[in-house]
Amino acid sequence: MTIRPAIAAPPAPPPPNLRRALSDAPRIGGLGWRTRARAVPYFFLLPFVAVNLVFFLYPLIRATILAFYQTDGPAHRAYVGWSNFNFVLHDPDFHKAMWNTTVFAFFSICLQLPLSLGLAMLLNAKNDRLKGIFRLAIFAPNLAGQVFVGILFSVLFTPHYGLFNRFLQALIGWGLEQQWLGDPRLVMPAIIIASLWMYVGFNMIYFLAALQNVDQGLVEAATIDGAGPAHIFWNITVPAIAPVATFVVVTSTIGSYQLFELPYNLLANNAEGYGPNNSGMTVVGYLYQYAFHNGDLGTGAAVGWLLTFIILAISLVQIRVLGSVGRET
Amino acid sequence: MNPLRIALIILAAVFFLLLPIRRRLAWRYARVLLLLAVATVMLAPFAWLVCAVFKDSTVLNEYSFLPPLSKISHETINLSNFRALLTDQPTVQGPVCFWRYVANSLFVASLITFLSLVFSSAGGFALAKYRFAGRGVLLTYMLASMTIPAVVLLAPNYQIIWQLGWMDTYKALVVPAAVSAFGIFLFRQAMLGVPNELIEAARIDGWGEFRIYLTLAMPLVRPMSGAFCLICFLGAWNSFLPPNIFLQSQAKLTLPVVLNQYVGQYRHDYGIFLCGTLLAMIPPAILFFSLQREFISGLTSGAVKQ
Amino acid sequence: MNFPYGTAPLAILLIAVASGAWLIAPRYASSPLEQRPPDLVYATFVKEHAEAYRPAIAKFEQKYGVRIQVQVVDQKALQDRLQSALQVGAAVPDMVELMYGTMGLFTRGPLADVGFVDLTERIHQSGLYDRLVTNRFSKWSSRGHIFALPHDMHPVMLAYRRDLVEQLGIDVNQLTTWDEFCRVGRQVVARTTAPDGIPTHYMIDLPTDGSDILRLLILQRGSGLFDAQGNVTFDSEQAADVVCWYVKQIGGEQRISFPCGQGQSFTLAVLDGLCLFYMCPDWRTLAIESDIPSVSGKMSLMPLPAWTPGGIRTSTWGGTGLAFTKQCRNFDLAWKLAMYLYYDPDQLGPRFAATQILPPLKAAWDRPEFFQPSAFFSGIQLGHAYAQFAPQVPQEHDTAYTAMAVNKLSEAFSNTALYYNSHGDRGLRDFARGELKRCADRIRIIMDRNVFLKESGSKSPAPS
C-alpha cells in the first residue's frame with residue numbers, strides 16, 4: 001500500500017501536458033548506449049512496479065471482488081452479491097457517518113481556509129526576521145500527527161480541568177463544565193477545533209507561496225488609483241491565488257473525507273473511539289468498525305469503494321466549479 | 001473580570017489610542033499582536049504538555065500550567081510520570097520497556113523513509129531522463145492511482161499480508177510503504193531541473209547510468225531529498241492504521257498504537273501517556289528543525305509551478 | 001566521502017540500522033521466557049486476581065513440577081490483540097481470563113473457528129455443570145457451547161449508609177419492591193431539600209447513561225440483551241418498563257438519584273452521604289472498603305428491591321471467565337490448573353477472605369470465611385449474604401453483537417431520556433417501546449446478514 005503522507009503535496013503540474021512531458025526526455029544517442037540504456041529505466045522503476053503490483057493493483061482488484069463477499073477474518077468468506085452495498089447504503093449508522101464527515105469537511109473548508117489565507121496575508125506583510133519564527137510557530141502543530149493531536153486534545157477537553165475549558169471560561173465565561181467529548185452535540189465541534197489547530201499552519205504555507213504570485217506592481221498601481229484594501233483583495237489577490245486556492249480546497253476536501261485517526265484517538269476512552277451515539281464516527285471509522293472490529297472485510301471493502309466514488313465525484317465537481325470561477329475573474 | 005480579559009482590553013485600548021495618532025504604526029501593532037495571539041494559541045497546548053509531564057499526578061489538575069514558584073517542590077514537580085512510563089510493562093512475550101516502542105517507531109519510520117527515498121528518486125530519475133516504451137502509460141497510471149484513497153486497500157491488504165505470512169512482522173509495515181507514486185512525481189519534478197548536458201557529458205566520459213543517477217543527479221536534487229525525507233518520515237512516524245492492523249505482539253508495536261492503548265488504560269492518570277506523547281513528538285521535531293527550509297520549499301514547489 | 005543522498009538521509013539510514021540492531025540484539029534472550037519456557041502461560045487483566053492466585057500457583061508448580069507464567073496484561077490490549085491474533089494464528093497465551101461481554105467477540109464466526117477449546121463435554125462429564133450455579137454458564141456460551149469457565153457470580157445488593165438511613169427513619173426491611181423504594185426515595189429528597197432547591201441527600205446512585213446499571217436492572221426484571229438462542233430481546237415489555245422507570249429516577253419531578261460516578265467523586269459522595277444507596281456487587285465491597293475506610297461501621301447491605309412482590313432480589317454485574325486457547329500445548333495440565341485455581345473448595349475460603357468475590361462453586365459457600373462478619377458493613381456476613389442470592393442470579397447471554405447491542409440500548413435510552421425531559425410522562429411508554437424496537441431491529445438486521453452465524457445453526461436451543 002502506498003504511503004499516504006500526512007502532508008500531501010500535489011503531483012507535478014496538474015494536469016500534466018503529457019505530450020510535452022514525453023518529448024522532454026533527451027534522446028539517448030549512440031548505438032552501444034541504446035541497448036544498455038533501454039533496460040536501465042526499467043530497472044530504476046522495478047521496485048516501484050513490483051511493490052505497486054502486489055500492494056496496490058492486486059489489492060485494488062481484490063477490493064472490488066471482496067466487496068461482494070462477507071468475511072469472518074481473513075480466512076473465511078461467503079458470496080453475498082450486492083448485499084454489502086445494499087446494507088451499507090441503507091444503514092442509518094452509515095448515513096450518520098456520512099453526515100458527520102460532510103459536516104466536518106464543510107466546516108473545515110469554511111473555517112480553515114479563510115483563517116489560513118488571513119494568516120498568510122498577515123505574515124506576508126511582515127519583514128523576514130520574525131516571519132520565519134511565526135511561520136514555524138503556526139506550523140508546529142502539524143508536526144504532531146493526527147494520533148498524537150487526538151491524544152493530546154482528549155485531555156485538553158476534560159470538563160472542569162481541561163486547558164481548553166479553562167481558557168474558554170476565562171475568555172467568554174462559558175464552557176468550563178462542558179463535556180466536549182461526552183455530549184453528542186459537542187463532539188463534532190471538538191473535532192473541528194482540534195483539526196483546525198492542526199492544519200491551519202499547513203494550508204497557510206501553501207497560501208504564503210501563492211501570495212508570491214501576486215503582482216506587486218499591480219497592487220501599487222491600484223493603491224495609487226485609490227483602490228481600498230478590499231477591492232485590491234477581491235480583484236487582484238484572489239485571481240492570482242485562485243489556482244492554489246482550488247488545489248487547497250480540493251485536497252482539503254479529500255483529506256477531510258478520509259478523516260479517521262484524529263477522532264478515533266480523541267475519543268479513545270469514550271465509546272471506543274466513536275463518541276456517544278456515534279457522533280464522532282466518520283466514514284473511515286465506520287469502515288474500520290466493520291472490517292476490523294466485526295471482522296467483516298467484505299463490508300469494509302464495499303464502504304471503501306463507496307467512499308472512493310464519493311470523493312471522486314465531489315473533487316470533480318469542485319474542480320469544475322472552482323476552476324471556472326478562477327477563469328472568469 | 002479575570003486577568004485574561006483585562007489584558008485583552010488593555011491591548012485593544014492601546015490599538016485604539018494609536019489609531020488616530022499614527023495610523024501605520026497602529027496597524028503594524030495590530031498585525032503583530034494578532035500574529036502573536038495566533039502563535040500563542042498554536043503553541044499553548046505544547047507548553048501545557050511539557051508542564052503536564054513534569055507535574056506530579058496529585059497536582060496535575062490544580063494548575064493550568066505550572067504551580068506558582070512558591071509551591072514548586074519535589075512533591076509537585078518531579079519525574080514520577082517518566083518513571084511510571086519507563087518501567088517495564090508485562091506482556092505475554094515478556095517485559096517490554098517503553099524504549100522498545102520508540103525503537104520500533106524509529107526503525108520502521110527511518111527504514112521506510114530511506115527505502116522510499118531510494119526507490120522514488122530512482123523512479124523519478126527514470127521518468128524524467130529517459131524515453132522508453134510504456135512511459136506515458138506509467139505516468140497516467142501513477143496519476144490515477146493517487147486519486148484512490150488508501151482506505152480502499154486496507155481490507156484486501158489485510159488478507160494479502162495474512163496470506164503471505166507477514167502478519168505481525170516489520171516487513172508488513174515497511175514493504176508496502178517503501179514506494180510511493182507521490183514520491184516519484186516529486187523527484188521527477190526535481191530531476192527535470194538537472195541539465196541534460198551534464199548527463200550527456202558524463203555518458204561521454206563513460207559513466208554508467210546508475211553512477212550518473214547516484215553521483216550526478218542525486219546531489220543536484222538534495223533540497224528535494226530533504227523535503228521528501230521529512231514528509232515521508234512524518235507520515236511513517238505518525239502512521240496508525242497499518243501498525244494497528246498488522247502487528248499483534250505487544251513488543252512490536254509502534255508509538256501511535258501504544259499510546260492509543262494507554263489512553264484507555266490510564267485514562268484517570270494521564271500524566272503517563274502524555275509523557276509518552278511528548279517523547280513521541282521529539283524525533284520528528286528534531287528532523288524538522290534540521291530540514292525546515294528544504295521542507296517548505298519542497299512543499300510549495302509543486303503548488304506554485306504552473 | 002560525501003553520501004550522495006545527502007546528510008539527512010544518511011542520518012536516517014544510520015538510525016534505521018542502529019534501531020534495527022538494537023531490536024534484534026540478544027538483550028531479550030535473557031528474559032525469563034528464554035531461560036526455560038513455561039509449561040503454561042496464563043494471561044489475566046486483573047492485577048488483584050494475579051495477586052490472589054500467587055500462593056495457589058506456587059503450590060501447583062511444586063506438586064506437578066511445572067512452571068506457570070502469570071501475565072497481567074492491559075484489558076484492551078488483551079482483547080484487541082487476542083481477537084486478531086486468534087484469527088491469524090499468531091502466538092497467544094494458553095489460558096486467558098476474559099472480561100464480561102467480550103466472549104461474543106471471539107464467537108462471531110463459525111463455531112469450528114472459535115479460537116478457544118469447546119469445554120461443553122468436559123464440563124458435563126466431569127460433573128462440573130451441576131457443582132456450579134448453572135445459570136452462570138450462559139455468559140460464556142455461544143449457540144449452546146461453553147467456551148470459558150466462570151470465575152464468579154457477582155450478585156448485586158445495595159450498599160447503604162446505615163447511620164443516615166436510620167437517622168431519616170427509614171426501615172430497609174420495608175423496601176421490598178422498587179415502587180416502595182421510589183416512594184420512600186421521593187420523601188427523602190423532598191425532606192432533605194435545602195432552601196436553594198438542591199437536595200442534601202438523594203436516595204440512590206444511578207448513572208445517567210444507559211450502561212451497566214440499566215442492563216442489570218433489565219436482567220433483574222426478567223429480560224436482557226439477548227436470549228438463550230441469541231435473539232435480540234431488549235425491546236421486550238420488561239425492558240421498556242425498566243427504561244421508563246429509569247428515566248424518571250434520574251431527572252424530572254420524581255427524581256431520586258444522582259450520578260456519583262467513580263473514583264474520587266464516588267468517594268466524596270459516600271463520605272457526604274450524597275446518595276444513601278449504592279449498587280454493590282460483591283467486587284465493589286472490597287473497593288469501597290479500601291477507598292473509603294472512614295465510613296467503616298456506617299455501611300450496610302440490603303438485597304435489591306424486587307420489581308414485583310416475590311420477584312428475584314438480585315442481579316449480576318460484571319464477570320470474568322477463563323478460556324483455553326486451541327494452541328494450548330498441554331490441555332490436561334491447563335484443565336487441572338483451572339480446577340485447582342477456580343474450583344478447589346479448600347482454596348476458595350481464603351480466596352474469598354482476600355477478594356470478597358463469590359465463586360460459582362456451591363460447595364465452597366459453607367466455608368467459614370463466608371460467614372465472617374464484616375465490621376465495615378455493620379456486622380453482615382458478606383459471603384453468606386451474597387451466597388443467599390447467588391442461585392437467583394439471572395442468566396445473561398452474550399453474542400458477537402453484545403457490544404453493538406449495548407451501544408444501541410444506550411442510544412434508545414438517551415433518546416427516551418430526552419423525550420421525558422421535553423414531554424414528561426405523556427406517551428413515554430410508547431416512545432420507549434418504539435425506540436427500543438427500532439434499535440433492536442437494527443441489530444436484528446445486522447445479525448441476519450451474518451451468513452456464518454446462520455450456517456452453524458445459531459437458532460439451536462442451548463441446553464439448560
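This note goes through a predicted model with chains A, B and C, point by point.

1. Basis of the model. Residues are numbered from 1 along each chain as its sequence is written, and chains are lettered from A and ligands numbered from 1 in the order in which they are written. The model is predicted: local features need pLDDT of at least 70, side-chain atom pairs count only at pLDDT 80 or more, and totals for chains, interfaces and linings use all residues.

2. Chain A overall. Chain A has 13 helices and 2 strands; helices (H or I, at least four residues) and strands (E, at least two) are DSSP runs, numbered from the N terminus. Of its 329 residues, 47% are buried. A residue is buried if 20 or more other C-beta atoms lie within 10 Å of its own, exposed if 12 or fewer, and partly exposed in between, with C-beta atoms placed from the backbone. Among contacts in chain A between residues at least 6 apart in sequence, 70% join residues at least 24 apart. Two residues are in contact if their C-beta atoms, placed from the backbone, lie within 7 Å.

3. The strand pair of chain A. Strand S1 (residues 69-72) and strand S2 (residues 76-79) of chain A run antiparallel and are joined by 4 bridges; two strands pair if DSSP finds at least two bridges between them. A:Tyr69 has A:Tyr79 as its bridge partner in S2(A). In a regular strand the side chains alternate between the two faces of the sheet. In S1(A), A:Tyr69 and A:Thr71 point one way, A:Gln70 and A:Asp72 point the other way, and all are buried.

4. Chains A and B. The contact involves 96 residues of chain B and 96 residues of chain A. Helix H14 (residues 271-304) of chain B gives the largest share of chain B's side, 15 residues. That side divides into 65 nonpolar, 22 polar and 9 charged residues. Ala, Val, Leu, Ile, Met, Phe, Trp, Tyr, Cys and Pro count as nonpolar, Asp, Glu, Lys and Arg as charged, and the others, Gly among them, as polar.

5. Chains B and C. Here 32 residues of chain C are in contact with 35 residues of chain B. The largest share of chain C's side, 10 residues, comes from helix H1 (7-24) of chain C. By class, this side has 22 nonpolar, 7 polar and 3 charged residues.

6. The sheet of chain C. Five strands form an open sheet in the order S2-S1-S3-S12-S6, with mixed pairing. S2 and strand S6 (148-150) of chain C stand at the edges, each with a single partner strand, so one side of each has no neighbour in the sheet. From one strand to the next the twist averages 25°. S1(C) and S2(C) pair in the parallel sense over 5 bridges, and C:Tyr42 stands opposite C:Val70 in S2(C). Helix H3 (residues 47-64) of chain C lies across S1, S2 and strand S3 (95-99) of chain C, at about 175° to S2(C). Axes are lines fitted to C-alpha atoms, for helices over the stretch in contact, and angles run from 0 to 180 degrees between N-to-C directions.

7. C:Leu322 lies in strand S12 (residues 320-324) of chain C. C:Leu322 counts as buried because it has 23 C-beta neighbours inside 10 Å. C:Leu322 and C:Ala148 are 174 residues apart in sequence but 5.0 Å apart in space, C-alpha to C-alpha. Leaving aside neighbours within four places in sequence, the contacts of C:Leu322 include C:Met95, C:Ala148 and C:Tyr342.
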